[in-house]
Amino acid sequence: MSDDTLVHFDKVTKRFGDFEVLKNLDFKVKRGEKVTIIGPSGSGKSTVLRVLMTLEPINEGVVYLDGDPLWHEKRGHELVPASEAHLRQMRKKLGMVFQQFNLFPHMTVMRNLTEAPVRVLGLSRKEAQERARELLDMVGLSDQADKFPPQLSGGQQQRVGIARALAMRPQVMLFDEPTSALDPELVGDVLKVIHRLAEEHDLTMLLVTHEMDFARRISDRVCFFDQGAIREEGPPDQIFTEPKNQRTQEFLHAVLHPEA
Amino acid sequence: MLDMLPTLLGGAWVTVELTFWSTLIGALCSFAFGIGRLSGNPVVKSVSVAYIEVFRGTSLLVQMFWIFFALPLMGVSLSPMTAGIAALSLNIGAYGAEVVRGAIQAVPKSQYEASRALNFTSWQALWYVALPQALPEMLPPFGNLAVQNLKDTALVSLITLSDLAFRAESLRNLTQKSTEIYGMTLLIYFALALVLTAVMKVLEKRIGRWKAGGGR
Ligand SMILES: Nc1ncnc2c1ncn2[C@@H]1O[C@H](COP(=O)(O)OP(=O)(O)OP(=O)(O)O)[C@@H](O)[C@H]1O
Ligand SMILES: [Mg+2]
């Protein structure tokens with residue numbers, strides 16, 4: 001495995017009961033790479049992110065993060081299922097933004113952004129608040145720090161969600177359809193924030209989205225998922241203008257020309 | 001008739017003490033065993049399930065008799081007050097544990113997932129994320145349980161404790177004025193219940209404040 005590979009799914013299979021959501025999946029992401037995952041509903045896009053975020057365990061194969069197995073630990077030459085301690089160690093490198101935001105409704109925006117840095121990273125309240133203010137500034141919500149999430153619009157909530165994940169300084173940011181739950185007029189503000197992040201050289205990004213124009217602008221690579229495997233991948237220009245796989249062509253046609 | 005009031009009020013004070021302590025200790029039992037029932041540790045879980053099912057499945061009166069009359073035969077003698085508080089607490093705790101468990105389970109799974117993504121331990125997720133959201137849901141049923149508990153304290157008169165019910169019964173034996181005595185006793189219980197309900201309402205308001213702040 002070359003040094004610049006940060007995420008590596010090595011023949012990963014994930015099942016829900018008899019249903020194989022991920023089938024022998026091979027998938028690599030380089031350090032700093034921005035990868036967009038597209039594909040039909042139920043193809044396993046969210047599952048890839050959730051496996052990586054350690055929210056869903058896998059059945060077969062190995063996931064590597066920064067060279068270390070994610071769901072396993074090395075004991076001698078063998079790989080054994082990971083302990084909670086190992087998972088916590090690995091999670092430090094990951095941050096996730098959810099489709100439904102999943103903010104903590106009983107905490108102010110400020111607390112949403114500082115609670116984990118204080119409790120998990122051991123920052124002082126003051127350090128955490130400074131960090132939070134910078135992030136709120138970045139997502140354009142400096143004046144909302146004392147509000148509770150239900151008092152914000154969906155677009156504002158999602159920007160808080162992004163800031164909350166960034167407050168943990170992850171190496172990899174996972175976005176699962178971050179704008180799908182938003183009213184159309186609120187999508188732009190959120191995409192702007194993600195776009196800004198995409199310009200950061202070090203940050204690795206995995207984005208599941210149906211915003212094809214946006215995907216095209218920000219990604220280094222687009223992966224087309226279908227039935228739990230990658231059918232086609234490549235630079236956005238190639239995937240969007242001259243897809244080779246027939247399933248990709250059909251999917252893009254359906255998404256880009258829904259009226260037809 | 002009013003000359004009987006001090007006697008009754010003296011008994012009412014015992015009732016208040018019993019209610020206060022058993023509701024407080026019962027609440028602690030509720031959290032301990034309600035959370036215990038959700039534990040991943042099989043020993044903690046089965047102990048909690050056993051406790052909850054035994055105390056919900058048997059009568060409070062028998063529990064109280066057992067603690068007061070049977071435990072001494074095994075070398076543990078408790079004063080009537082301690083035995084009464086113990087029985088009431090354990091009983092109400094078993095019902096409360098189910099309230100706690102239900103409220104915690106009602107916190108959406110997505111909240112735990114967000115906690116996990118932020119690398120909280122499961123205890124931190126419970127303590128900082130789930131419980132604060134579950135607490136406002138618990139309070140109304142807790143209020144009902146507290147009032148239920150107040151009413152149940154009358155049973156301690158059967159283990160020689162001189163509470164409100166006990167004194168009412170003694171006065172009636174003495175004076176035969178059943179109507180007045182039980183009329184006043186009812187009123188006092190009712191007044192106590194009103195106070196208790198009011199206290200719970202204040203708690204509900206304070207603890208649920210972030211909820212009231214919701215909505216755009
Ligand atoms: N917890 C679960 N239990 C059982 N089946 C599940 C579970 N989670 C997902 N699935 C199934 O796995 C398949 C893939 O789910 P996944 O959420 O990864 O799809 P997706 O590509 O993100 O789809 P969408 O675009 O609708 O979000 C779906 O068929 C889904 O029904
Ligand atoms: Mg999905």
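**Ground rules.** I worked from a predicted model, in which local features need pLDDT of at least 70 and side-chain atom pairs count only at pLDDT 80 or more, while totals for chains, interfaces and linings use all residues. Residues are numbered from 1 along each chain as its sequence is written, chains are lettered from A and ligands numbered from 1 in the order in which they are written, and side-chain values use heavy atoms, with hydrogens and water left out.

**Chain B, overall.** I looked up the elements of chain B and found nine helices and zero strands, where helices (H or I, at least four residues) and strands (E, at least two) are DSSP runs numbered from the N terminus. The C-alpha atoms of chain B fill a box of roughly 70 × 50 × 20 Å along the principal axes.

**Helices α1 and α2 of chain B.** I noted that the axes of α1(B), residues 5-37, and α2(B), residues 42-57, come within 7 Å and cross at roughly 125°; axes here are lines fitted to C-alpha atoms, for helices over the stretch in contact, and angles run from 0 to 180 degrees between N-to-C directions. The two helices are therefore oblique to each other, given that angles under 35 degrees count as roughly parallel, over 145 as roughly antiparallel, 65 to 115 as roughly perpendicular and the rest as oblique. On the α1(B) side, Cys29(B), Phe33(B), Gly36(B) and Arg37(B) take part, and they meet residues of α2(B) including Val44(B), Tyr51(B) and Glu53(B), contact meaning heavy atoms within 4.5 Å.

**Helices α6 and α8 of chain B.** For α6(B), residues 122-152, and α8(B), residues 178-207, I recorded axes that come within 10 Å and cross at roughly 170°, and this pair is therefore roughly antiparallel. Among the residues that make the contact are Leu135(B), Phe142(B) and Leu150(B) of α6(B), with Tyr189(B), Met200(B) and Ile207(B) of α8(B).

**Helices α3 and α5 of chain A.** Val109(A), Asn112(A) and Leu113(A) of α3(A) make the contact with Val160(A), Ala163(A) and Arg164(A) of α5(A).

**Ligand 1.** I then listed the residues around ligand 1, among them Phe16(A), Phe19(A), Val21(A), Pro40(A), Thr47(A) and Glu177(A), each with a heavy atom within 4 Å of the ligand. A polar side-chain atom of Lys45(A) lies 2.8 Å from an oxygen atom of ligand 1, a backbone N or O atom of Gly44(A) lies 3.0 Å from an oxygen atom of the ligand, and a backbone N or O atom of Ser43(A) lies 3.2 Å from one.

Terms used: Polar contact = N/O pair within 3.5 Å; in protein donor to acceptor, adjacent residues only side chain to side chain.
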